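The sequence and structure are shown first, and the discussion follows.

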Amino acid sequence: VAPPEERQLKQFYRDNLDKFTEAAQNHLSLILLKVDPSVAKAVWDAALAEGADLVSRRADGADFSELAKLHSSDTSARQGGDMGYLHAGMLSAAAENEISRLKVGEVSSPVRLLEGIAVFRLEDRKAARLREYEEVSKRARELWLRDQQDQAWARLKETLWEKTPISIHNASLSLDSGG
């Protein structure tokens, strides 16, 4: 495949804006109350009640990061529950649904996850952002080349299938198991 001209790359960029758009991100903090998935319902209920108590204590003025350091089983507990920025879709549907309702600074209701009960705090939200062509021109070139190479390979395979004679020599195919 011949190297692309700048105009081809810019057109590829315009035709594929989704490939150059940063996904929306949420900066989250977490308190995770770990619960073994196989334990009795009463244990899950107790963890849910503890999560509700933590939400209530936060509403009464307790510091979320201190609560995370004291109560969370997640590795983020050492940083006060700070998980950093996460792209949408990185968490379970239940967590994403709860987080999507939050405003910056708000704390979620307790959410049941596979690994336990979670309470999230939304620290910040970044909307999806289309990156300018100048920022992504190198990536545009790489994606364009890969796309063109894939198309060339597909055309070659199609041509080979169309133009290559295929014959089956029945004599060499023995359906007889005896011989």
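At roughly what angle do the axes of helix 1 and helix 5 cross? In this predicted model, the axes of helix 1 (residues 6-15) and helix 5 (residues 133-163) cross at roughly 95° and come within 9 Å, and the two helices are therefore roughly perpendicular to each other. On the helix 1 side, the contact is made by Glu6, Gln8, Leu9, Lys10, Phe12 and Tyr13, which meet residues of helix 5 including Tyr133, Leu143 and Trp144. The residues of this contact divide into 8 nonpolar, 1 polar and 4 charged.

Within helix 1, Leu9, Phe12 and Tyr13 are buried; seen down the helix axis, the buried residues fall within an arc of 100°, so they line one face of the helix. The face turned away from that buried side carries the exposed residues Arg7 and Asp15, while the cover over the buried residues includes strand 6 (129-130) and helix 5.

The structure also holds 9 salt bridges, among them the following.

| Pair | Closest N to O |
|---|---|
| Glu22 and Arg129 | 3.2 Å |
| Arg129 and Glu135 | 3.3 Å |

Glu22, Arg129, Arg131 and Glu135 are linked in a network of salt bridges; within it, Arg129 is partly exposed, with a relative accessible area of 35%, and Glu135 is partly exposed at 39%. By contrast, Asp53 and Arg57 both lie in helix 2 (residues 41-59), 4 residues apart, which is about one turn of the helix.

How values were computed. Residues are numbered from 1 along each chain as its sequence is written. This is a predicted model: local features need pLDDT of at least 70, side-chain atom pairs count only at pLDDT 80 or more; totals for chains, interfaces and linings use all residues. Side-chain values use heavy atoms; hydrogens and water are left out. Axes are lines fitted to C-alpha atoms, for helices over the stretch in contact, and angles run from 0 to 180 degrees between N-to-C directions. Angles under 35 degrees count as roughly parallel, over 145 as roughly antiparallel, 65 to 115 as roughly perpendicular and the rest as oblique. Contact means heavy atoms within 4.5 Å. Ala, Val, Leu, Ile, Met, Phe, Trp, Tyr, Cys and Pro count as nonpolar, Asp, Glu, Lys and Arg as charged, and the others, Gly among them, as polar. Buried means under 20% relative accessible area, exposed over 50%, partly exposed in between (1.4 Å probe, protein chains only). The arc is that of the directions from the helix axis to the C-beta atoms. A salt bridge is a side-chain nitrogen of Lys or Arg within 4 Å of a carboxyl oxygen of Asp or Glu.
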